There are 2 protein chains.
Amino acid sequence: MYVICNALNKQTLIQEIRSKQSFLCTGLDSQIEKLPLGLERNGQGLMTFNRDIIDATKAHSVAYKINTAFYEQYGKSGWEWMEQTLNYLPSNTFKIADAKRGDIGNTSSMYAKAFFETLCFDAITVSPYMGEDSLRPFLEFNDKWVICLALTSNVGHADFQLDEYRGKKLYERVIDSVCKWGTEENLMFVVGATRFDSFKEIRKIIPNHFLLVPGVGAQGGDLEAISLYGSNQEIGLLVNSSRSILYASSGKDYAASAEAEAEKMALQMAKLMSKMPQQ
Amino acid sequence: MYVICNALNKQTLIQEIRSKQSFLCTGLDSQIEKLPLGLERNGQGLMTFNRDIIDATKAHSVAYKINTAFYEQYGKSGWEWMEQTLNYLPSNTFKIADAKRGDIGNTSSMYAKAFFETLCFDAITVSPYMGEDSLRPFLEFNDKWVICLALTSNVGHADFQLDEYRGKKLYERVIDSVCKWGTEENLMFVVGATRFDSFKEIRKIIPNHFLLVPGVGAQGGDLEAISLYGSNQEIGLLVNSSRSILYASSGKDYAASAEAEAEKMALQMAKLMSKMPQQ
(Lines give C-alpha, C1' and ligand atoms only; values in the text may rest on other atoms or scores of the structure.)
Protein backbone atom coordinates (compact mmCIF):
# COMPACT_ATOMS: atom_id res chain seq x y z
CA MET A 1 0.00 0.00 0.00
CA TYR A 2 2.79 2.41 0.93
CA VAL A 3 4.53 1.94 -2.42
CA ILE A 4 1.40 2.84 -4.39
CA CYS A 5 0.80 5.78 -2.08
CA ASN A 6 4.30 7.29 -2.43
CA ALA A 7 4.30 10.90 -3.50
CA LEU A 8 6.17 12.24 -6.50
CA ASN A 9 9.63 13.25 -5.32
CA LYS A 10 11.21 16.55 -6.30
CA GLN A 11 13.11 15.22 -9.30
CA THR A 12 10.05 13.44 -10.69
CA LEU A 13 7.97 16.58 -10.24
CA ILE A 14 10.57 18.64 -12.12
CA GLN A 15 10.66 16.03 -14.90
CA GLU A 16 6.87 16.22 -15.20
CA ILE A 17 7.05 20.00 -15.43
CA ARG A 18 9.70 19.82 -18.17
CA SER A 19 7.85 17.11 -20.01
CA LYS A 20 4.50 18.94 -20.01
CA GLN A 21 6.18 22.34 -20.33
CA SER A 22 3.79 23.54 -17.64
CA PHE A 23 3.84 24.27 -13.95
CA LEU A 24 0.07 24.50 -13.72
CA CYS A 25 -1.84 23.21 -10.71
CA THR A 26 -5.57 22.90 -11.34
CA GLY A 27 -7.70 23.55 -8.28
CA LEU A 28 -10.72 21.26 -8.03
CA ASP A 29 -12.87 23.64 -5.95
CA SER A 30 -16.04 22.20 -7.37
CA GLN A 31 -19.52 23.05 -6.13
CA ILE A 32 -22.82 21.42 -6.96
CA GLU A 33 -24.47 24.85 -7.08
CA LYS A 34 -22.09 26.01 -9.80
CA LEU A 35 -22.22 22.95 -12.07
CA PRO A 36 -22.65 23.77 -15.75
CA LEU A 37 -25.92 23.31 -17.57
CA GLY A 38 -26.74 19.73 -18.45
CA LEU A 39 -25.25 18.16 -15.32
CA GLU A 40 -27.42 16.86 -12.51
CA ARG A 41 -27.14 19.03 -9.40
CA ASN A 42 -26.07 16.22 -7.08
CA GLY A 43 -23.05 14.11 -6.21
CA GLN A 44 -23.23 12.20 -9.47
CA GLY A 45 -23.20 15.47 -11.40
CA LEU A 46 -20.27 16.69 -9.33
CA MET A 47 -18.27 13.54 -10.01
CA THR A 48 -19.02 13.67 -13.74
CA PHE A 49 -17.86 17.28 -13.74
CA ASN A 50 -14.64 16.50 -11.82
CA ARG A 51 -13.78 13.55 -14.05
CA ASP A 52 -14.42 15.62 -17.17
CA ILE A 53 -12.31 18.50 -15.85
CA ILE A 54 -9.46 16.14 -14.95
CA ASP A 55 -9.56 14.47 -18.36
CA ALA A 56 -9.69 17.85 -20.07
CA THR A 57 -6.78 19.36 -18.14
CA LYS A 58 -4.42 16.47 -17.42
CA ALA A 59 -2.25 17.09 -20.48
CA HIS A 60 -1.50 20.57 -19.16
CA SER A 61 -1.60 20.18 -15.35
CA VAL A 62 1.30 18.75 -13.38
CA ALA A 63 -0.59 19.08 -10.12
CA TYR A 64 -4.13 19.08 -8.77
CA LYS A 65 -5.25 20.79 -5.61
CA ILE A 66 -8.40 19.68 -3.80
CA ASN A 67 -9.60 22.25 -1.30
CA THR A 68 -11.25 20.28 1.50
CA ALA A 69 -13.74 23.04 2.33
CA PHE A 70 -15.58 22.58 -0.94
CA TYR A 71 -16.18 18.91 -0.16
CA GLU A 72 -16.76 19.21 3.58
CA GLN A 73 -19.72 21.50 2.91
CA TYR A 74 -21.55 18.33 1.82
CA GLY A 75 -20.59 16.40 4.98
CA LYS A 76 -19.74 12.71 4.81
CA SER A 77 -20.89 12.49 1.15
CA GLY A 78 -18.46 15.27 0.33
CA TRP A 79 -15.62 13.27 1.84
CA GLU A 80 -16.62 10.36 -0.35
CA TRP A 81 -16.59 12.57 -3.46
CA MET A 82 -13.22 13.99 -2.42
CA GLU A 83 -11.83 10.46 -2.19
CA GLN A 84 -13.32 9.45 -5.54
CA THR A 85 -11.92 12.58 -7.16
CA LEU A 86 -8.48 11.97 -5.66
CA ASN A 87 -8.47 8.38 -6.86
CA TYR A 88 -9.34 9.49 -10.40
CA LEU A 89 -6.24 11.71 -10.67
CA PRO A 90 -3.49 10.36 -12.96
CA SER A 91 -0.59 8.77 -11.05
CA ASN A 92 1.97 11.12 -12.58
CA THR A 93 0.29 14.24 -11.17
CA PHE A 94 1.12 15.86 -7.83
CA LYS A 95 -1.89 15.64 -5.51
CA ILE A 96 -2.38 18.41 -2.96
CA ALA A 97 -4.91 18.45 -0.11
CA ASP A 98 -5.49 22.15 0.40
CA ALA A 99 -6.62 21.64 3.98
CA LYS A 100 -4.68 24.27 5.95
CA ARG A 101 -4.55 22.00 8.98
CA GLY A 102 -2.41 22.30 12.12
CA ASP A 103 -2.93 21.31 15.75
CA ILE A 104 -0.96 20.06 18.75
CA GLY A 105 1.45 17.27 17.83
CA ASN A 106 -0.73 14.36 18.87
CA THR A 107 -3.60 15.73 16.81
CA SER A 108 -1.54 16.74 13.77
CA SER A 109 -0.46 13.07 13.61
CA MET A 110 -4.13 12.19 13.05
CA TYR A 111 -4.40 14.75 10.25
CA ALA A 112 -1.22 13.37 8.66
CA LYS A 113 -2.74 9.91 8.80
CA ALA A 114 -6.03 11.20 7.34
CA PHE A 115 -4.44 12.83 4.30
CA PHE A 116 -1.31 10.74 3.72
CA GLU A 117 -2.55 7.24 4.54
CA THR A 118 -6.35 7.03 4.56
CA LEU A 119 -6.49 9.39 1.60
CA CYS A 120 -3.49 9.08 -0.65
CA PHE A 121 -2.53 12.73 -1.13
CA ASP A 122 1.09 13.64 -1.94
CA ALA A 123 1.00 16.91 -0.03
CA ILE A 124 -1.05 18.91 2.45
CA THR A 125 -1.19 22.63 3.12
CA VAL A 126 -0.68 23.54 6.79
CA SER A 127 -0.98 26.67 8.92
CA PRO A 128 2.14 27.61 10.92
CA TYR A 129 0.42 29.47 13.79
CA MET A 130 0.91 26.69 16.35
CA GLY A 131 4.62 26.23 15.62
CA GLU A 132 7.05 23.37 15.20
CA ASP A 133 5.31 20.50 16.99
CA SER A 134 2.14 21.20 14.99
CA LEU A 135 4.02 20.69 11.69
CA ARG A 136 6.50 18.00 12.69
CA PRO A 137 4.12 14.99 12.38
CA PHE A 138 3.40 15.87 8.75
CA LEU A 139 7.13 16.21 8.01
CA GLU A 140 7.85 12.82 9.52
CA PHE A 141 6.26 11.14 6.51
CA ASN A 142 9.45 10.87 4.45
CA ASP A 143 7.69 10.25 1.14
CA LYS A 144 5.16 13.08 1.53
CA TRP A 145 5.15 16.87 1.27
CA VAL A 146 4.13 19.70 3.58
CA ILE A 147 3.12 23.02 2.04
CA CYS A 148 3.22 25.70 4.69
CA LEU A 149 1.26 28.95 4.50
CA ALA A 150 3.67 31.88 4.34
CA LEU A 151 2.32 34.95 2.53
CA THR A 152 -1.25 34.42 1.41
CA SER A 153 -3.12 35.93 -1.53
CA ASN A 154 -6.08 37.36 0.40
CA VAL A 155 -6.55 40.90 1.74
CA GLY A 156 -6.27 39.58 5.32
CA HIS A 157 -2.59 38.69 4.75
CA ALA A 158 -1.82 42.20 5.98
CA ASP A 159 -3.44 41.69 9.39
CA PHE A 160 -0.67 39.58 10.92
CA GLN A 161 1.68 38.17 8.25
CA LEU A 162 3.44 41.51 7.79
CA ASP A 163 4.06 42.12 11.53
CA GLU A 164 7.76 42.82 12.03
CA TYR A 165 9.81 41.23 14.80
CA ARG A 166 13.59 41.27 15.04
CA GLY A 167 13.80 42.93 11.64
CA LYS A 168 11.71 40.35 9.86
CA LYS A 169 8.07 40.11 8.87
CA LEU A 170 6.07 37.26 10.34
CA TYR A 171 5.85 35.41 7.00
CA GLU A 172 9.64 35.72 6.64
CA ARG A 173 10.11 34.39 10.16
CA VAL A 174 7.76 31.53 9.30
CA ILE A 175 9.79 30.67 6.19
CA ASP A 176 13.07 31.09 8.13
CA SER A 177 11.99 28.72 10.90
CA VAL A 178 9.93 26.19 8.98
CA CYS A 179 12.59 25.65 6.31
CA LYS A 180 14.84 24.34 9.11
CA TRP A 181 12.21 21.77 10.15
CA GLY A 182 12.02 20.15 6.71
CA THR A 183 14.03 20.02 3.50
CA GLU A 184 13.58 21.08 -0.12
CA GLU A 185 12.57 17.48 -0.71
CA ASN A 186 9.52 17.51 1.58
CA LEU A 187 8.57 21.12 2.11
CA MET A 188 7.05 23.89 -0.01
CA PHE A 189 5.56 27.26 0.88
CA VAL A 190 2.37 29.06 -0.13
CA VAL A 191 3.03 32.52 -1.54
CA GLY A 192 0.09 34.33 -3.08
CA ALA A 193 0.29 35.46 -6.69
CA THR A 194 -0.93 38.89 -5.68
CA ARG A 195 2.28 39.33 -3.64
CA PHE A 196 4.79 39.11 -6.51
CA ASP A 197 6.75 42.09 -5.14
CA SER A 198 7.85 39.81 -2.27
CA PHE A 199 9.09 36.86 -4.32
CA LYS A 200 12.58 38.33 -4.73
CA GLU A 201 13.10 38.60 -0.97
CA ILE A 202 11.58 35.17 -0.37
CA ARG A 203 13.97 33.63 -2.90
CA LYS A 204 16.88 35.01 -0.86
CA ILE A 205 15.73 32.91 2.13
CA ILE A 206 14.70 29.80 0.22
CA PRO A 207 16.35 29.74 -3.21
CA ASN A 208 15.60 26.07 -3.83
CA HIS A 209 12.18 25.27 -2.36
CA PHE A 210 9.10 24.93 -4.50
CA LEU A 211 6.43 27.57 -4.00
CA LEU A 212 2.72 26.90 -4.40
CA VAL A 213 1.23 30.07 -5.82
CA PRO A 214 -2.54 30.56 -5.67
CA GLY A 215 -4.31 33.72 -6.73
CA VAL A 216 -3.77 33.75 -10.50
CA GLY A 217 -6.99 34.23 -12.45
CA ALA A 218 -10.04 35.09 -10.34
CA GLN A 219 -7.85 36.73 -7.67
CA GLY A 220 -5.87 38.82 -10.17
CA GLY A 221 -2.24 37.61 -9.87
CA ASP A 222 0.18 38.15 -12.78
CA LEU A 223 1.82 34.99 -14.16
CA GLU A 224 4.70 36.80 -15.86
CA ALA A 225 5.75 38.69 -12.73
CA ILE A 226 5.54 35.50 -10.66
CA SER A 227 7.76 33.63 -13.11
CA LEU A 228 10.25 36.48 -13.30
CA TYR A 229 10.65 36.89 -9.55
CA GLY A 230 9.62 33.51 -8.18
CA SER A 231 11.19 30.87 -10.43
CA ASN A 232 14.55 29.22 -9.78
CA GLN A 233 16.98 26.87 -11.55
CA GLU A 234 14.51 24.02 -11.17
CA ILE A 235 11.46 26.13 -12.05
CA GLY A 236 10.42 25.98 -8.37
CA LEU A 237 6.82 27.02 -8.94
CA LEU A 238 3.41 25.42 -8.96
CA VAL A 239 0.89 28.04 -9.99
CA ASN A 240 -2.69 27.24 -9.14
CA SER A 241 -5.79 28.20 -11.01
CA SER A 242 -9.22 27.04 -9.90
CA ARG A 243 -12.26 29.05 -10.88
CA SER A 244 -10.96 30.35 -14.21
CA ILE A 245 -10.50 26.77 -15.43
CA LEU A 246 -13.46 25.06 -13.73
CA TYR A 247 -15.97 27.65 -14.79
CA ALA A 248 -14.45 28.71 -18.12
CA SER A 249 -17.91 27.99 -19.49
CA SER A 250 -21.23 27.45 -17.72
CA GLY A 251 -22.59 25.64 -20.76
CA LYS A 252 -22.34 22.11 -22.11
CA ASP A 253 -18.89 22.92 -23.55
CA TYR A 254 -17.43 23.22 -20.03
CA ALA A 255 -14.82 20.49 -20.60
CA ALA A 256 -13.60 21.88 -23.91
CA SER A 257 -13.52 25.38 -22.41
CA ALA A 258 -11.59 24.16 -19.35
CA GLU A 259 -9.12 22.42 -21.67
CA ALA A 260 -8.68 25.58 -23.73
CA GLU A 261 -8.10 27.65 -20.58
CA ALA A 262 -5.58 25.15 -19.15
CA GLU A 263 -3.83 24.95 -22.51
CA LYS A 264 -3.67 28.74 -22.74
CA MET A 265 -2.05 28.91 -19.32
CA ALA A 266 0.34 26.07 -20.13
CA LEU A 267 1.42 27.75 -23.37
CA GLN A 268 2.09 30.95 -21.46
CA MET A 269 4.06 28.92 -18.93
CA ALA A 270 6.09 27.18 -21.65
CA LYS A 271 7.02 30.57 -23.06
CA LEU A 272 8.02 31.82 -19.61
CA MET A 273 10.00 28.62 -18.93
CA SER A 274 12.04 29.23 -22.07
CA LYS A 275 13.24 32.49 -20.48
CA MET A 276 14.12 30.92 -17.13
CA PRO A 277 17.78 30.20 -16.26
CA GLN A 278 19.07 27.05 -17.97
CA GLN A 279 20.26 24.08 -15.95
CA MET B 1 -34.10 23.64 10.26
CA TYR B 2 -32.31 26.81 11.31
CA VAL B 3 -34.27 27.03 14.54
CA ILE B 4 -33.26 23.54 15.63
CA CYS B 5 -29.70 24.28 14.62
CA ASN B 6 -29.39 27.49 16.65
CA ALA B 7 -26.47 27.55 19.03
CA LEU B 8 -26.72 28.21 22.74
CA ASN B 9 -26.39 31.95 23.23
CA LYS B 10 -24.14 33.44 25.89
CA GLN B 11 -26.82 33.79 28.55
CA THR B 12 -28.04 30.23 28.07
CA LEU B 13 -24.48 28.94 28.26
CA ILE B 14 -23.93 30.83 31.52
CA GLN B 15 -27.21 29.44 32.91
CA GLU B 16 -26.10 25.91 32.03
CA ILE B 17 -22.77 26.50 33.79
CA ARG B 18 -24.54 27.78 36.92
CA SER B 19 -27.08 25.00 36.84
CA LYS B 20 -24.49 22.21 36.51
CA GLN B 21 -21.97 24.07 38.66
CA SER B 22 -19.38 23.14 36.09
CA PHE B 23 -17.55 24.75 33.21
CA LEU B 24 -16.23 21.46 31.91
CA CYS B 25 -15.91 20.75 28.20
CA THR B 26 -15.36 17.09 27.43
CA GLY B 27 -13.23 16.46 24.38
CA LEU B 28 -14.38 13.50 22.30
CA ASP B 29 -10.98 12.72 20.76
CA SER B 30 -11.86 9.07 20.42
CA GLN B 31 -9.72 6.53 18.57
CA ILE B 32 -10.56 2.98 17.59
CA GLU B 33 -7.02 1.92 18.52
CA LYS B 34 -7.50 3.13 22.09
CA LEU B 35 -10.97 1.70 22.78
CA PRO B 36 -11.26 -0.05 26.14
CA LEU B 37 -11.36 -3.81 26.48
CA GLY B 38 -14.67 -5.39 25.54
CA LEU B 39 -15.50 -3.01 22.70
CA GLU B 40 -15.17 -4.02 19.07
CA ARG B 41 -12.31 -2.23 17.35
CA ASN B 42 -14.41 -0.72 14.57
CA GLY B 43 -16.87 2.07 13.93
CA GLN B 44 -19.60 0.36 15.92
CA GLY B 45 -17.27 0.07 18.91
CA LEU B 46 -16.30 3.70 18.54
CA MET B 47 -19.94 4.81 18.50
CA THR B 48 -20.80 2.67 21.53
CA PHE B 49 -17.85 4.21 23.33
CA ASN B 50 -18.82 7.78 22.39
CA ARG B 51 -22.45 7.28 23.41
CA ASP B 52 -21.40 5.73 26.72
CA ILE B 53 -18.93 8.55 27.40
CA ILE B 54 -21.57 11.18 26.59
CA ASP B 55 -24.15 9.50 28.83
CA ALA B 56 -21.59 9.17 31.60
CA THR B 57 -20.41 12.78 31.48
CA LYS B 58 -23.46 14.82 30.47
CA ALA B 59 -24.47 15.65 34.03
CA HIS B 60 -21.10 17.35 34.52
CA SER B 61 -20.22 18.70 31.05
CA VAL B 62 -21.68 21.93 29.72
CA ALA B 63 -19.82 21.57 26.45
CA TYR B 64 -18.41 18.89 24.16
CA LYS B 65 -15.54 19.36 21.76
CA ILE B 66 -15.11 17.09 18.78
CA ASN B 67 -11.65 17.34 17.26
CA THR B 68 -12.09 16.71 13.55
CA ALA B 69 -8.62 15.16 13.13
CA PHE B 70 -9.58 12.12 15.18
CA TYR B 71 -12.50 11.39 12.84
CA GLU B 72 -10.86 12.40 9.57
CA GLN B 73 -8.17 9.77 10.11
CA TYR B 74 -10.90 7.24 9.20
CA GLY B 75 -11.90 9.10 6.03
CA LYS B 76 -15.56 9.30 4.96
CA SER B 77 -16.61 6.77 7.64
CA GLY B 78 -15.01 9.02 10.25
CA TRP B 79 -17.13 11.93 9.07
CA GLU B 80 -20.20 9.75 9.45
CA TRP B 81 -19.19 8.83 13.03
CA MET B 82 -18.49 12.50 13.78
CA GLU B 83 -22.01 13.38 12.60
CA GLN B 84 -23.59 10.55 14.61
CA THR B 85 -21.64 11.59 17.70
CA LEU B 86 -22.66 15.22 17.26
CA ASN B 87 -26.32 14.26 16.86
CA TYR B 88 -26.20 12.23 20.06
CA LEU B 89 -25.13 15.22 22.18
CA PRO B 90 -27.83 16.63 24.49
CA SER B 91 -29.46 19.80 23.13
CA ASN B 92 -28.53 21.83 26.22
CA THR B 93 -24.79 21.29 25.69
CA PHE B 94 -22.46 23.57 23.74
CA LYS B 95 -21.10 21.75 20.70
CA ILE B 96 -17.65 22.71 19.45
CA ALA B 97 -16.01 21.56 16.22
CA ASP B 98 -12.33 21.74 17.07
CA ALA B 99 -11.35 22.08 13.43
CA LYS B 100 -8.86 24.99 13.41
CA ARG B 101 -9.98 26.00 9.93
CA GLY B 102 -9.30 29.24 8.04
CA ASP B 103 -8.89 30.09 4.36
CA ILE B 104 -9.60 32.90 1.90
CA GLY B 105 -13.10 34.34 2.35
CA ASN B 106 -14.83 32.40 -0.40
CA THR B 107 -13.43 29.14 1.00
CA SER B 108 -14.06 29.93 4.66
CA SER B 109 -17.74 30.34 3.69
CA MET B 110 -17.70 26.68 2.65
CA TYR B 111 -16.20 25.67 6.00
CA ALA B 112 -18.83 27.72 7.82
CA LYS B 113 -21.51 25.93 5.83
CA ALA B 114 -19.90 22.54 6.55
CA PHE B 115 -19.84 22.99 10.32
CA PHE B 116 -22.79 25.32 10.99
CA GLU B 117 -25.36 24.03 8.49
CA THR B 118 -24.49 20.56 7.17
CA LEU B 119 -23.25 19.60 10.62
CA CYS B 120 -25.07 21.37 13.38
CA PHE B 121 -22.18 22.54 15.56
CA ASP B 122 -22.60 25.61 17.77
CA ALA B 123 -19.01 26.74 17.41
CA ILE B 124 -15.85 26.14 15.42
CA THR B 125 -12.21 26.79 16.29
CA VAL B 126 -10.36 28.84 13.67
CA SER B 127 -6.77 29.86 12.98
CA PRO B 128 -6.11 33.60 12.62
CA TYR B 129 -3.03 33.44 10.37
CA MET B 130 -4.89 34.54 7.21
CA GLY B 131 -6.57 37.54 8.85
CA GLU B 132 -9.96 39.18 8.83
CA ASP B 133 -11.51 37.94 5.59
CA SER B 134 -10.64 34.36 6.58
CA LEU B 135 -12.67 34.67 9.81
CA ARG B 136 -15.49 36.96 8.67
CA PRO B 137 -17.65 34.27 6.96
CA PHE B 138 -17.82 32.29 10.22
CA LEU B 139 -18.78 35.42 12.16
CA GLU B 140 -21.57 36.21 9.74
CA PHE B 141 -23.62 33.34 11.15
CA ASN B 142 -25.37 35.36 13.84
CA ASP B 143 -26.50 32.39 15.88
CA LYS B 144 -23.13 30.63 15.85
CA TRP B 145 -19.77 31.02 17.59
CA VAL B 146 -16.19 31.40 16.42
CA ILE B 147 -13.39 30.32 18.74
CA CYS B 148 -10.14 31.84 17.57
CA LEU B 149 -6.71 30.42 18.41
CA ALA B 150 -4.77 32.94 20.48
CA LEU B 151 -2.19 31.40 22.83
CA THR B 152 -2.06 27.65 22.46
CA SER B 153 -1.08 24.98 24.98
CA ASN B 154 1.64 23.27 22.96
CA VAL B 155 5.40 23.85 23.05
CA GLY B 156 5.28 25.35 19.55
CA HIS B 157 3.26 28.34 20.86
CA ALA B 158 6.64 30.02 21.45
CA ASP B 159 7.71 29.83 17.80
CA PHE B 160 5.52 32.67 16.52
CA GLN B 161 2.73 33.53 19.00
CA LEU B 162 5.13 35.42 21.30
CA ASP B 163 6.72 37.55 18.53
CA GLU B 164 6.49 41.21 19.55
CA TYR B 165 5.37 43.95 17.18
CA ARG B 166 4.43 47.47 18.20
CA GLY B 167 4.78 46.53 21.85
CA LYS B 168 2.44 43.58 21.68
CA LYS B 169 2.93 39.87 21.28
CA LEU B 170 1.36 38.23 18.23
CA TYR B 171 -1.33 36.47 20.29
CA GLU B 172 -2.21 39.79 21.94
CA ARG B 173 -2.42 41.43 18.52
CA VAL B 174 -4.64 38.57 17.38
CA ILE B 175 -6.97 39.06 20.35
CA ASP B 176 -6.88 42.86 19.91
CA SER B 177 -7.85 42.67 16.24
CA VAL B 178 -10.19 39.70 16.21
CA CYS B 179 -12.27 40.98 19.14
CA LYS B 180 -13.18 43.95 16.93
CA TRP B 181 -14.46 41.64 14.16
CA GLY B 182 -16.96 39.87 16.41
CA THR B 183 -18.66 40.39 19.75
CA GLU B 184 -18.75 38.69 23.15
CA GLU B 185 -21.90 37.03 21.88
CA ASN B 186 -20.30 35.19 18.97
CA LEU B 187 -16.59 35.03 19.66
CA MET B 188 -14.34 33.18 22.10
CA PHE B 189 -10.58 32.64 22.21
CA VAL B 190 -8.40 29.59 22.79
CA VAL B 191 -5.90 30.10 25.59
CA GLY B 192 -3.93 27.06 26.69
CA ALA B 193 -4.11 25.95 30.32
CA THR B 194 -0.33 25.73 30.40
CA ARG B 195 -0.18 29.52 29.85
CA PHE B 196 -1.97 30.62 33.03
CA ASP B 197 0.61 33.35 33.67
CA SER B 198 -0.83 35.16 30.65
CA PHE B 199 -4.52 35.07 31.65
CA LYS B 200 -4.26 38.27 33.69
CA GLU B 201 -2.97 40.28 30.73
CA ILE B 202 -5.47 38.68 28.36
CA ARG B 203 -8.34 39.64 30.68
CA LYS B 204 -7.24 43.28 30.42
CA ILE B 205 -7.86 43.13 26.64
CA ILE B 206 -11.02 41.02 26.71
CA PRO B 207 -12.62 41.14 30.16
CA ASN B 208 -15.94 39.70 28.97
CA HIS B 209 -15.26 37.09 26.31
CA PHE B 210 -15.40 33.40 27.02
CA LEU B 211 -12.10 31.52 26.80
CA LEU B 212 -11.81 27.92 25.71
CA VAL B 213 -8.97 26.42 27.71
CA PRO B 214 -7.44 23.14 26.57
CA GLY B 215 -4.44 21.53 28.18
CA VAL B 216 -5.75 20.53 31.62
CA GLY B 217 -5.04 16.89 32.45
CA ALA B 218 -2.74 15.08 30.00
CA GLN B 219 -1.01 18.35 29.05
CA GLY B 220 -0.46 19.44 32.67
CA GLY B 221 -2.46 22.66 33.11
CA ASP B 222 -3.58 23.79 36.58
CA LEU B 223 -7.33 24.31 37.03
CA GLU B 224 -7.03 26.48 40.13
CA ALA B 225 -4.60 28.93 38.52
CA ILE B 226 -6.79 29.13 35.40
CA SER B 227 -9.87 29.93 37.48
CA LEU B 228 -8.03 32.50 39.55
CA TYR B 229 -6.58 34.41 36.63
CA GLY B 230 -8.92 33.55 33.77
CA SER B 231 -12.46 33.75 35.16
CA ASN B 232 -14.67 36.82 35.00
CA GLN B 233 -18.04 38.01 36.37
CA GLU B 234 -19.82 35.52 34.11
CA ILE B 235 -17.35 32.69 34.75
CA GLY B 236 -16.04 33.18 31.19
CA LEU B 237 -14.28 29.82 30.97
CA LEU B 238 -14.80 26.52 29.25
CA VAL B 239 -12.05 24.18 30.39
CA ASN B 240 -11.52 21.16 28.20
CA SER B 241 -10.39 17.73 29.19
CA SER B 242 -10.16 14.90 26.68
CA ARG B 243 -7.80 12.03 27.34
CA SER B 244 -8.03 12.07 31.14
CA ILE B 245 -11.80 11.49 30.92
CA LEU B 246 -12.00 9.27 27.83
CA TYR B 247 -9.29 6.93 28.98
CA ALA B 248 -9.80 7.11 32.74
CA SER B 249 -9.93 3.33 32.52
CA SER B 250 -8.94 0.95 29.74
CA GLY B 251 -11.18 -1.74 31.19
CA LYS B 252 -14.88 -2.54 31.04
CA ASP B 253 -15.54 0.12 33.68
CA TYR B 254 -14.57 2.90 31.25
CA ALA B 255 -17.94 4.67 31.46
CA ALA B 256 -18.07 4.65 35.27
CA SER B 257 -14.45 5.79 35.39
CA ALA B 258 -15.11 8.59 32.91
CA GLU B 259 -18.11 9.66 34.99
CA ALA B 260 -16.01 9.68 38.14
CA GLU B 261 -13.30 11.75 36.46
CA ALA B 262 -15.81 14.26 35.04
CA GLU B 263 -17.53 14.47 38.42
CA LYS B 264 -14.21 15.05 40.16
CA MET B 265 -13.42 17.92 37.80
CA ALA B 266 -16.92 19.38 38.13
CA LEU B 267 -16.71 19.28 41.93
CA GLN B 268 -13.40 21.10 41.78
CA MET B 269 -14.98 23.62 39.42
CA ALA B 270 -17.99 24.12 41.72
CA LYS B 271 -15.59 24.87 44.56
CA LEU B 272 -13.64 27.33 42.42
CA MET B 273 -16.87 28.96 41.19
CA SER B 274 -17.88 29.66 44.79
CA LYS B 275 -14.74 31.80 45.09
CA MET B 276 -15.34 33.73 41.86
CA PRO B 277 -16.70 37.29 41.97
CA GLN B 278 -20.47 37.38 42.64
CA GLN B 279 -22.87 38.82 40.07
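Predicted model: local features only at pLDDT ≥ 70, side-chain atom pairs only at ≥ 80, totals over all residues.
**Stop 1: both chains**

Select chains A and B. A rotation of 180 degrees, with 0.0 Å of shift along its axis, superposes chain B on chain A with an RMSD of 0.0 Å.

Residues are numbered from 1 along each chain as its sequence is written, while chains are lettered from A and ligands numbered from 1 in the order in which they are written.

Colour chain A by pLDDT, the predictor's confidence in each residue from 0 to 100. Its mean is 94, and 96% of the residues reach 70 or more. The model scores ipTM 0.96 and pTM 0.97.

**Stop 2: where the chains meet**

Select the side of chain B that touches chain A. Here 49 residues of chain B are in contact with 49 residues of chain A. Contact means that two C-beta atoms, placed from the backbone, lie within 7 Å. The largest share of this side of chain B, 7 residues, comes from α5(B). The side divides into 19 nonpolar, 16 polar and 14 charged residues. Ala, Val, Leu, Ile, Met, Phe, Trp, Tyr, Cys and Pro count as nonpolar, Asp, Glu, Lys and Arg as charged, and the others, Gly among them, as polar. The copies meet through the same surface, because 100% of the interface residues of chain B are also interface residues in chain A.

**Stop 3: helix α12 of chain A**

Select residues 254–275 of chain A. Helices (H or I, at least four residues) and strands (E, at least two) are DSSP runs, numbered from the N terminus. Helix α12(A) has 22 residues. Its buried residues include A:Y254, A:A258, A:E261, A:M265 and A:M269. A residue is buried if 20 or more other C-beta atoms lie within 10 Å of its own, exposed if 12 or fewer, and partly exposed in between; C-beta atoms are placed from the backbone.

Now show the neighbours. The buried residues of α12(A) pack against elements including α1 (10–20), β2 (61–67) and β10 (237–241) of chain A.

Conventions
Expected span 1.5 Å × (residues − 1). Least-squares fit on C-alpha atoms with pLDDT ≥ 70 in both.
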